[in-house]
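Please look over the sequence and the model before reading on.

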Amino acid sequence: MNKWPLRNARCMALAVLVCIAVPSAAQTPATPRGPRPGGLIIERNLVYSGTGDPALALDLYRRAWADQRKSPVVLWIHDGDTANGAKEPTPAAMLVAAGYSVASIEYRRSGRNASLSSLSDAKAAVRWLRANADKHGLAADKMGVWGMS
């Protein structure tokens, strides 16, 4: 049986359902890596969900704006089969240069209800991003989802 149609359907469902409004979560301390050339700031391994084993983290790519404006956020959901599910590579540099912030997330990809777990993890990431938007210069009301499989 070809697994691709089922996987594509799960990815589409994940992308659509993540956009549903979800309540905010408690704030977590950030681990900034500092400005990079061109004003790119990368904050790695920000824990957005501590309920799993191990805890799930995201990498946040953003610009250091001189005028302190808030940027729209793209939640990047990587292909679960690439590089053992690593958060990288991402198209973050391209999107950050265009004025967006990018959150590349880890998510659960195995187990009995892997697709439901993945959806739950993505929703937890959205809640964390909204709860921590002010702290990271993000526009909590301007969030989208992008991914590939």
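**Terms and basis**

A residue is buried under 20% relative accessible area, exposed over 50%, and partly exposed in between (1.4 Å probe, protein chains only). Helices (H or I, at least four residues) and strands (E, at least two) are DSSP runs, numbered from the N terminus.

This is a predicted model: local features need pLDDT of at least 70, side-chain atom pairs count only at pLDDT 80 or more, and totals for chains, interfaces and linings use all residues. Residues are numbered from 1 along each chain as its sequence is written, and side-chain values use heavy atoms, with hydrogens and water left out.

**Strands 2 and 3**

Strand 2 spans residues 40–49. Seven of its ten residues are buried, so the strand is mostly covered. Its partner is strand 3, residues 56–63. The two run antiparallel and are joined by seven bridges; strands count as paired if DSSP finds at least two bridges between them. Leu-40 has Arg-63 of strand 3 as its bridge partner.

**Salt bridges**

Side chains of opposite charge can pair when their charged atoms come close. A salt bridge here is a side-chain nitrogen of Lys or Arg within 4 Å of a carboxyl oxygen of Asp or Glu. The whole structure has four. Among them is Glu-43 with Arg-62, at 2.9 Å, N to O. This pair links strand 2 to strand 3 across 19 residues. Glu-43 is buried because its relative accessibility is 2%. Arg-62 is buried too, at 16%.

Asp-59 and Arg-44 also meet in a salt bridge, at 3.2 Å, N to O. Asp-59 sits in strand 3 and Arg-44 in strand 2, 15 residues apart. Asp-59 is buried at 2%, whereas Arg-44 is partly exposed at 21%.

Asp-134 and Lys-70 form another, at 2.2 Å, N to O. Asp-134 lies in helix 4 (residues 133–136) and Lys-70 in the loop between strand 3 and strand 4 (71–77), so the pair ties together parts 64 residues apart in sequence. Asp-134 is exposed, with 62% relative accessible area. Lys-70 is partly exposed, at 43%.

**Ser-101**

Where is Ser-101 found? Ser-101 belongs to strand 5, residues 101–105. Ser-101 counts as buried because its relative accessibility is 1%.

The Ser-101 side chain makes a polar contact with the side chain of Ser-71, at 2.5 Å. Such a contact is a pair of N or O atoms within 3.5 Å; within protein, one must be able to donate a hydrogen and the other to accept it, and residues adjacent in sequence count only if both atoms are side-chain atoms. Leaving out residues up to four places away in sequence, Ser-101 touches Tyr-61, Arg-62, Ser-71, Pro-72, Val-73, Val-74 and Leu-138. Touching means heavy atoms within 4.5 Å.
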